[in-house]
Each structure stands twice: as C-alpha cells, then as structure tokens.
Amino acid sequence: MKKEIKDELKEISSFLSEIQKPPVPKVPEQYFEGFEARMMRRIESEKSPSEQRSKESWFSTIFTYFTKPAIALSFGVLALLLIMTKYISTDTATRDIYADELAQVDKQELLSYIDSHIDQYDTEILLDDNTDLIENFDTPYPDDIPDTL
Amino acid sequence: MAEVKFSEDHEILRLLRNQDTSDKGFRLLMGTYKERLYYHIRQMVGNHEDADDVLQNVFIKVYRNVQNFQEKSSLFTWLYRIATNEALNFLNSNKTKQTVALDEVAFNITNNGSEEFQDENEIQMKLLQAVNILPDKQKQVFNLRYNEEMSYEEISQILETSVGALKASYHHAVKKIESYIKGTI
C-alpha cells in the first residue's frame with residue numbers, strides 16, 4: 001500500500017491499518033490473454049449492416065447497384081438524355097455562330113450573292129422565310145419595268 | 001497497479017482518431033486498461049461472470065463513443081467513470097446478486113491458506129462483509145482509495161465529487177468497517 005494511504009488509514013483507524021488487504025480475486029486462466037480478440041469479434045458481429053457497408057469500397061458498392069436491371073436501365077436512359085441535351089445545345093450554338101457571321105456580311109454583298117445564285121432559291125422560301133430580306137430589296141422604279149410586261 | 005503514462009493515453013487517442021488505425025488504437029486501449037477496469041468492476045459486482053459482462057459492455061460503449069471524448073478529463077478517468085456507472089447500473093438491475101457475489105469472495109478467502117491464517121482470513125472476510133453493507137457512495141470511495149490506491153484528485157474526477165466530501169466519506173467508511181469487524185469477532 002502507498003505510504004500516504006497507509007498513514008492516512010493509520011490515523012483514522014490503527015486497527016484497520018494492521019489488517020492485511022484481502023487477496024486479489026481469482027480470474028479464469030487465459031482470461032486476459034484472449035480478451036482483445038474476443039471483444040473485436042463481438043464488435044464486428046454487433047455492427048449494423050449499414051456500418052459494415054460503409055467499410056466496403058465505393059466501386060464495389062456502385063457495381064452492385066448496376067447488377068440490378070431497373071437501376072441499369074434508368075441510368076442508361078439518363079445517359080442518353082444527357083447526350084441528346086449536349087448535342088442539341090451544340091447545334092444551337094453552331095447556328096448562333098452562323099447567324100452572327102451572316103449579320104456581318106454587307107447588305108450589297110448579300111444581294112449580289114442572291115442575284116447571282118437566284119436559280120438556287122425556291123421562290124416560296126424567298127417570299128415566306130426571308131421576308132425581312134425581301135423587304136430590304138429596293139422597289140423597282142416603274143421606268144425599270146419593261147413596257148412589254 | 002502500474003501507473004499509465006500520459007504519453008500512452010496520447011498515443012491511444014491518436015490511433016483511435018484516425019479511421020485507418022482506430023482498431024489498433026482500440027486494441028491498445030483494451031490492453032492498457034482491461035485489468036485495472038476488470039478488478040475495479042469485480043470489486044463492485046463480486047463475481048467473474050458479471051464482471052466480464054460489465055467490462056465487455058464498458059468497452060462496447062467506449063468503442064462507440066470514443067470519437068466524442070473531448071479530453072476534458074484524462075482517458076483513465078473517463079474509462080473509470082464509465083466502468084463505475086455500468087457496474088452501478090448492473091447492481092441496480094440485479095439487486096439480489098450482491099449477496100451471491102459476497103459469498104463467492106468469502107469462499108476464496110476461507111480457502112486461501114492453512115489454519116495459522118484462519119484468524120487473518122476471518123478478519124478479511126469480515127472486512128469484505130463490512131464493505132458490502134456500506135452505502136453505495138462510501139463503498140465506491142473506500143474501494144478506490146483502499147483497494148485501488150487512487151489519489152483523492154483522481155477519485156474526485158471519477159465520481160464527480162469534491163475532495164473534501166470524499167475525505168469525509170472515506171473517514172466514515174473506515175470507521176464503520178472498524179466498528180463492524182470489532183463488533184462481530
């Protein structure tokens with residue numbers, strides 16, 4: 001017994017300080033030797049399924065999901081939608097670039113191009129879809145119209 | 001019982017707080033404290049089977065909550081506090097077992113030596129009986145001071161009681177034990 005504690009006990013009860021301390025209780029053989037291993041087994045066995053899953057790799061978890069047909073099909077549809085969205089947005093962007101470039105072309109240049117390639121245009125298209133362009137055509141003077149017409 | 005160095009506690013906590021080494025840290029924690037905690041619990045519950053059950057429950061709780069340990073007290077104090085609470089909860093839910101526990105300890109003492117030690121053995125048995133009938137608080141203080149030889153500061157942190165109150169409890173416990181033994185021999 002520590003001296004400090006022995007002295008204190010003697011001061012309170014000299015009778016008790018003379019009594020030998022009871023022996024340390026007996027423990028089954030090998031009890032302490034295998035204790036840690038037993039505890040770790042118990043802890044593992046008591047872990048909830050979600051705790052056990054968290055220790056698995058993320059790849060194996062994702063792979064497990066893809067083995068389910070419904071999830072795989074859903075993912076496929078989603079991927080297809082994403083690809084289509086990307087294609088459409090690219091097409092729109094391309095068209096925007098063409099519109100910008102067209103806007104920079106000089107009006108006279110444009111009209112001379114149409115004049116020289118007029119045979120390539122369908123009249124209906126020129127009338128319906130390019131009304132703003134047609135409106136920009138200078139109205140011919142009556143003098144320019146041949147009398148024969 | 002050997003003192004546990006602060007550096008050892010520090011190493012245990014460092015390992016426990018890293019997910020990759022937490023199991024290693026927990027094994028080190030058990031290896032360092034299992035015997036001290038076992039005997040502390042055994043003194044309270046009295047027999048090996050119950051002490052083993054309580055000790056395992058203590059370590060399960062420690063494993064699940066060690067991430068919440070904020071080092072406001074030492075690891076040693078925290079573990080003793082959990083062990084003390086678990087043992088008290090066990091005793092409260094198994095009140096009738098306390099008599100059986102004392103019988104087992106008494107059996108160990110009376111079969112411990114030859115005739116020349118019988119008087120000493122009898123006194124030791126009386127001492128255990130006297131401790132067993134002490135109020136819970138006095139019993140805890142007496143066991144931690146007399147059997148586990150802890151300082152009042154350590155006991156104060158474990159039982160969350162002032163040093164002055166602990167000294168008074170220990171004094172009363174010793175006087176009651178002395179009176180019980182003298183009155184029964």
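Author: Helices here are DSSP runs of H or I with at least four residues, strands are runs of E with at least two, and both are numbered from the N terminus. By that rule chain A has nine helices and zero strands. Along its sequence the pattern reads α-α-α-α-α-α-α-α-α.

Reader: What kind of model is this, and what pLDDT do local features need?

Author: This is a predicted model, in which local features need pLDDT of at least 70, side-chain atom pairs count only at pLDDT 80 or more, and totals for chains, interfaces and linings use all residues, while side-chain values use heavy atoms, with hydrogens and water left out. Residues are numbered from 1 along each chain as its sequence is written, and chains are lettered from A and ligands numbered from 1 in the order in which they are written.

Reader: What makes a residue part of the contact between chain B and chain A, and how many residues does each chain give?

Author: Contact means heavy atoms within 4.5 Å. The contact takes 44 residues from chain B and 33 residues from chain A. About 3800 Å² is buried between the two chains, with carbon and sulfur atoms giving 63% of it; buried area is the accessible area (1.4 Å probe) that two parts lose on being put together, summed over both. Of the area that chain B buries against chain A, Lys34(B), Tyr146(B) and Glu149(B) supply 16%, more than any other three residues.

Reader: How many residue pairs between chain B and chain A are in polar contact, and what makes a pair count?

Author: The count is 19 residue pairs, both residues at pLDDT 80 or more. A polar contact is a pair of N or O atoms within 3.5 Å; within protein, one must be able to donate a hydrogen and the other to accept it, and residues adjacent in sequence count only if both atoms are side-chain atoms. On the side of chain B that touches chain A, α2(B) gives the most, with ten residues. The residues of that side divide into 21 nonpolar, nine polar and 14 charged. Nonpolar means Ala, Val, Leu, Ile, Met, Phe, Trp, Tyr, Cys and Pro, charged means Asp, Glu, Lys and Arg, and the others, Gly among them, are polar.

Reader: Why is the pair of Glu8(A) and Arg145(B) called a salt bridge?

Author: The rule asks for a side-chain nitrogen of Lys or Arg within 4 Å of a carboxyl oxygen of Asp or Glu. The closest N and O atoms of Glu8(A) and Arg145(B) are 2.9 Å apart, so the pair qualifies. The pair crosses between chains, from helix α1 (residues 3-12) of chain A to helix α7 of chain B. Glu4(A) also meets Arg145(B) in a salt bridge, at 3.2 Å from N to O.

Reader: How do you know whether Glu8(A) and Arg145(B) are buried or exposed?

Author: Buried means under 20% relative accessible area, exposed over 50%, and partly exposed in between (1.4 Å probe, protein chains only). Glu8(A) has 18% and Arg145(B) has 1%, so both count as buried. In the salt bridge of Lys175(B) and Glu178(B), at 3.9 Å from N to O, Lys175(B) is partly exposed at 36%, whereas Glu178(B) is buried at 11%.

Reader: Why is the aromatic pair of Phe142(B) and Tyr146(B) given the class it has?

Author: Rings of Phe, Tyr and Trp (its six-membered ring) pair if their centres lie within 6.5 Å; planes under 30 degrees apart count as stacked, over 60 as edge-to-face and the rest as tilted. Phe142(B) and Tyr146(B) lie 4.7 Å centre to centre with 20° between the planes, so they are stacked. They are four residues apart in helix α7 of chain B, about one helical turn.

Reader: What makes the pair of Phe76(B) and Tyr80(B) tilted?

Author: The angle between the planes is 50°, which is neither under the stacked limit nor over the edge-to-face one, at 4.9 Å centre to centre. Both residues lie in helix α4 (residues 75-93) of chain B, four residues apart. Phe76(B) is buried at 8%, and Tyr80(B) is buried at 0%.
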